[in-house]
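Subject: Handover of a structure for your review

Dear colleague,

Please find below the structure that I am handing over to you.

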Amino acid sequence: MHSSNTNTSTILKYLQISVLVGLILYLGKALFIPLCFGLLIALILLPVCRLLEERHWPRSLAIALSLLILFILSSMLVWILVLEAQAFNESLPAFMEKMESLVNEVQQWLVIHWGITLDMQSNWLENMMDNISKNVGSFLSGTISSTLGMFFSMFITPVFTALFLYNRATFVKALELLTGDVFKEKLYFILDSTIKTYFNYVKGMIVVYIIVGVLNSIGLLLLGIEHAILFGMLTAIMTIIPYVGIIISSLLPISIAWLSTDSIWYPIGVIAIFSFVQYLEANLIFPMVVGAQLKINTWASLIAIIIGGIIWGASGMVLSLPILGILKLVSDHIEEWKPFNVLISK
């Protein structure tokens, strides 16, 4: 009886801590989102910094070079997407004309089969536009706020990354004092194991995204879809948001395939290509390229994504799995976290 009461109180204590942590993370999202991105990028760049420092590079220069390499690679990717987006923008008027023609056909179909007159449809559209115009102000303010927040995060995240890398000994020392003598022997082993595993995982995932993007692009090119490279790479990049990203990013190429060909078979072909590539990614590419998998089950992944989205929006959806993966790696070596490890492991 006493044991049962103890277990109940322990569960309630952890629930209270979880709710409190979630509330703090939600209220402090402006700080914690770039802080977490900075920490994750620092974990990825740490092996590179260590390698340069072992070759007698000053720590500050090693950090600067690591960030410069990351910036150059990111800029190259953005440059490719911008070029493709410009090409897509040039053909946008033709797509809009086809969209207008499609809308007219739908209107005529509604008149013939449902008896909804053009006047009724026009009134409905006017009411809808009125409702949209009433919400334009709040939408624009929200957009401006989100844009400012994005620019702030883009500026402050590299700063956090550099600070994490430069002061890593201080953070480790503080962590050592925080955990006490109980985990003192395991602490450095857990940190090294987590950093190495996570670095190899992210490195492998980058290769996976590139392979998936190339396969998507080849499939769309063979199908004759315009701007295949843009859509192929964009769909691959959006898979960084598990489950949701592929669905959202595939809607645009599917729509373009429908409008540009006037045939239902091309959109079906796009869906078939993306489905086949995703099947290859899940069952062949990912297991082969990513040697040390985090081995998190689907249930835990979905819960983490939903919670991340509730607390931090799209950023939370992106950060949820890396953070859960790190917690999984840590829990592999801590006996007290065994129930949590069992709950999230495959």
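In what follows, a residue is called buried when its relative accessible area is under 20%, exposed when over 50%, and partly exposed in between, using a 1.4 Å probe and the protein chains only. Arg50, for instance, has a relative accessible area of 31%, and is therefore partly exposed.

Please note that this is a predicted model, in which local features need pLDDT of at least 70 and side-chain atom pairs count only at pLDDT 80 or more, whereas totals for chains, interfaces and linings use all residues. Residues are numbered from 1 along each chain as its sequence is written, and side-chain values use heavy atoms, with hydrogens and water left out.

Overall composition

The chain has 13 helices and 0 strands; these elements are DSSP runs numbered from the N terminus, with helices being H or I of at least four residues and strands E of at least two. Of the 346 residues in the chain, 32% are buried. The chain exposes about 22000 Å², of which carbon and sulfur atoms supply 72%; the areas come from the Shrake-Rupley method with a 1.4 Å probe, and for residues only the protein chains shown count as cover. A contact means heavy atoms within 4.5 Å. Among contacts in the chain with a separation of 6 or more, 66% join residues 24 or more positions apart.

Helix α2 has 26 residues and reaches 36 Å from its first C-alpha to its last, close to the 38 Å expected at 1.5 Å a residue. The expected span is 1.5 Å times one less than the number of residues in the helix. A kink of about 40° lies at Leu45 in α2, shortly before the proline Pro47; the bend at a residue is the angle between axes fitted to the seven residues ending there and the seven starting there. The buried residues of α2 include Gly38, Ala42, Leu45, Leu46 and Cys49. Just after α2, His56 takes a positive phi of about 70°.

Helix α12 (residues 298-331) presents another picture. A straight helix of 34 residues would span 50 Å, but the end C-alpha atoms of α12 are only 18 Å apart. The helix has a kink of about 145°, centred on Trp312.

Nonpolar cores

A nonpolar core is a set of buried Ala, Val, Leu, Ile, Met, Phe, Trp, Tyr and Cys residues joined through side-chain atoms within 4.5 Å. The largest one has 26 residues, and those with the most contacts inside it are Leu40, Leu43, Leu165, Tyr198, Trp312 and Ile326. Two or more residues come from each of α2 (29-54), α6, α8 (184-223) and α12. The greatest contribution is that of α2, with 8 residues. A second, separate core of 16 residues includes Val208, Leu230, Phe231 and Ala236.

Leaving aside neighbours within four places in sequence, Thr161 is in contact with Gly38, Ile41, Ala42, Leu45 and Leu67.

Salt bridges

The structure holds 4 salt bridges, each being a side-chain nitrogen of Lys or Arg within 4 Å of a carboxyl oxygen of Asp or Glu. Asp192 and Arg50 form one of them, at 3.6 Å from N to O. This pair links distant parts of the chain, with Asp192 in helix α8 and Arg50 in helix α2, 142 residues apart. Asp192 is partly exposed, at 31%.

Glu53 and Arg59 meet in a salt bridge at 3.4 Å, N to O, and a network of salt bridges links Glu53, Arg59 and Arg168. Arg59 is partly exposed, with a relative accessible area of 29%. Asp332 forms a salt bridge with Lys328, the closest N and O atoms being 3.1 Å apart. In this pair, Asp332 is partly exposed, at 39%, whereas Lys328 is buried, at 7%.

Phe276 is found in helix α11 (residues 265-289) and counts as exposed, because its relative accessibility is 51%. The C-alpha atoms of Phe276 and Asn216 are separated by 9.4 Å, and the two residues are 60 apart along the chain.

Yours sincerely
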